[in-house]
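Here is a short tour of one protein model. Keep the sequence and the structure side by side as you read.

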Amino acid sequence: MISFFRSVKLKDRTMNLPLRQSLPLLDIDVLRTFVAIAETGNFSTAADAVLRTPSAVSMQIKKLEEQLGATLFLRDARSVSLTQSGEILIGYARRMVALSNEAVSRFRMPDMQGHVRLGAPDDIGERHMPSILKRFAEIYPLIMVDVTVDTSSNLRRRLQEQRLDLALVNVAPGARSSEGEVVHTDQLVWAGAKCGTAYLRDPLPMSLWEDGCCWRADALSVLDRSKRPYRIAYLSAHTMAQRAAVIADLAIAPLPRSYLTADMAALGAAHGLPDLGSFEVRLLRGGEASETIDAVADSVRSAFSEIVGLAA
C-alpha cells in the first residue's frame with residue numbers, strides 16, 4: 001500500500017511539471033545580418049552588405065529578438081550599437097557564421113585551399129587590409145593569406161625574389177608605370193591638423209616615412225622645386241606615427257585624401273603649398289599562377305571597387 005500511494009504521488013507531480021519545449025534554431029542568414037549591423041553600426045549599410053533591403057533587415061532582427069526574448073541593438077538617429085545581450089550574442093554569431101562558411105566551402109570548393117603571400121604598404125595594411133582579409137576568409141575559409149607590410153620598393157624586391165605571390169604598391173604622382181594593374185587612384189594632399197598652424201612655420205616641419213616611400217620622394221621634390229624651406233621633424237615607417245604628428249599640429253605630412261580624419265585638414269595653394277597630384281595603387285603578381293592566387297587578387301579588386309563606390 002505504501003509503494004502504491006508513493007507511485008500515485010510521483011505520477012501526479014510529473015503531470016504538473018511544464019512540458020519541455022524545444023529551443024528555436026537560429027538562422028545563419030539572420031546571424032550574418034546581425035553581424036553586419038554590429039560591424040557597420042548602420043542598418044542601411046548592413047543591408048547593402050548582405051544584399052537585402054533595409055526593411056527586410058529590420059524584419060530579420062525583429063524575428064531574432066523575438067526568438068531570443070532580448071533586445072539586441074540600441075538605436076539612435078545616426079547609428080546603432082549593441083546592447084549587453086547583443087554583446088553576448090556577437091561572439092556566438094561570428095563563430096556560427098564562420099563554421100557554416102567552412103562547412104559549405106568543404107563541399108562547394110574542396111580544391112580552394114592552401115596559402116597565398118600578399119604584400120601591402122603600411123597605409124593600405126592599416127586602412128584596408130583588415131576588411132579585405134575578413135571578407136576573403138568568409139568566402140574562402142580554407143585559404144590562408146600571409147601578409148607582409150613594407151615599403152613599395154621593398155615589396156617589389158620581395159616579389160622579384162619570389163617571396164611574395166601578390167603585392168599592392170603605391171606609384172608616385174606623375175610616375176608612368178605599366179607594371180601590374182591599377183586597382184585604385186587617390187589624391188595625395190598635404191595633411192595638417194584642423195585649424196592648425198604647423199604649415200606657417202619656417203622651415204616647414206615635415207612628418208615623413210623612411211627612405212623607399214614614393215610619397216616622401218615626391219613631396220620633397222615638389223618642395224625643392226617651389227623653393228620652400230623644410231625640415232624632417234618626424235620620421236617613421238608607420239602611418240599611425242605620421243597621423244599622430246599631424247593631429248598634434250607638430251608637422252604636416254603627404255597623405256591620401258581618403259586617409260584624412262575629422263581632426264585633419266587638406267592643405268593646398270591657399271596655405272602656400274604646391275599641389276601634389278594623384279597617385280595609383282597597383283596590384284602586382286609574381287611568376288606563379290594558381291586558382292588560390294587568382295581568388296585573392298579578385299578579392300582585392302572587389303574591395304577597392306567598393307571603396308570607390310562608397311567614396312562616390
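Just after α2, Gly41 takes a positive phi of about 70°. Helices here are DSSP runs of H or I with at least four residues, strands are runs of E with at least two, and both are numbered from the N terminus. This is a predicted model, in which local features need pLDDT of at least 70, side-chain atom pairs count only at pLDDT 80 or more, and totals for chains, interfaces and linings use all residues. Residues are numbered from 1 along each chain as its sequence is written, and side-chain values use heavy atoms, with hydrogens and water left out.

**Helix α2**

Go back to the start of α2. There, a side-chain oxygen of Asp27 comes within 2.8 Å of the backbone nitrogen of Asp29.

Which residues of α2 are buried? They are Val30, Leu31, Thr33, Phe34, Val35, Ala36 and Ile37. Buried means under 20% relative accessible area, exposed means over 50%, and partly exposed lies in between (1.4 Å probe, protein chains only).

Take Val35, which sits in helix α2. Its relative accessible area is 9%, so Val35 is buried. Leaving out residues up to four places away in sequence, Val35 touches Ile90, Ala93 and Arg94. Contact means heavy atoms within 4.5 Å. Val35 and Leu89 are 54 residues apart in sequence, yet their C-alpha atoms are 9.4 Å apart in space.

**Backbone exceptions**

Most residues other than glycine have a negative phi, and most peptide bonds are trans. Leu51 is not a glycine, but has a positive phi of about 60°. Leu51 lies in the loop between α3 and α4 (54–68). Its relative accessibility is 78%, so Leu51 counts as exposed. Lys227, also not a glycine, has a positive phi of about 60°. Lys227 is in the loop between α9 and β8 (230–235). At 73% relative accessibility, Lys227 counts as exposed.

Where is the cis peptide bond? It runs from Asp202 to Pro203, with omega near 5°. Pro203 is in the loop between β6 (181–193) and β7 (204–208).

**Pockets**

A pocket is an open set of points on a 1 Å grid over the protein atoms alone, where a 1.4 Å probe fits, with protein on both sides within 12 Å along at least five of seven lines; lining residues have an atom within 4 Å of a point. A volume is the space filled by probe spheres set on the points, which are joined across faces, edges and corners.

| Pocket | Volume | Lining residues |
|---|---|---|
| Largest | about 1,600 Å³ | 44 residues |

In the largest pocket, Ala49, Ser131, Arg135, Glu138 and Glu306 lie nearest the centre. Helix α7 gives the largest share of the lining, 9 residues. Among the other elements that supply at least two residues is α2 (28–40). The lining has 20 nonpolar, 9 polar and 15 charged residues. Here Ala, Val, Leu, Ile, Met, Phe, Trp, Tyr, Cys and Pro count as nonpolar, Asp, Glu, Lys and Arg as charged, and the others, Gly among them, as polar.

Definitions and conventions:
A polar contact is a pair of N or O atoms within 3.5 Å; within protein, one must be able to donate a hydrogen and the other to accept it, and residues adjacent in sequence count only if both atoms are side-chain atoms.
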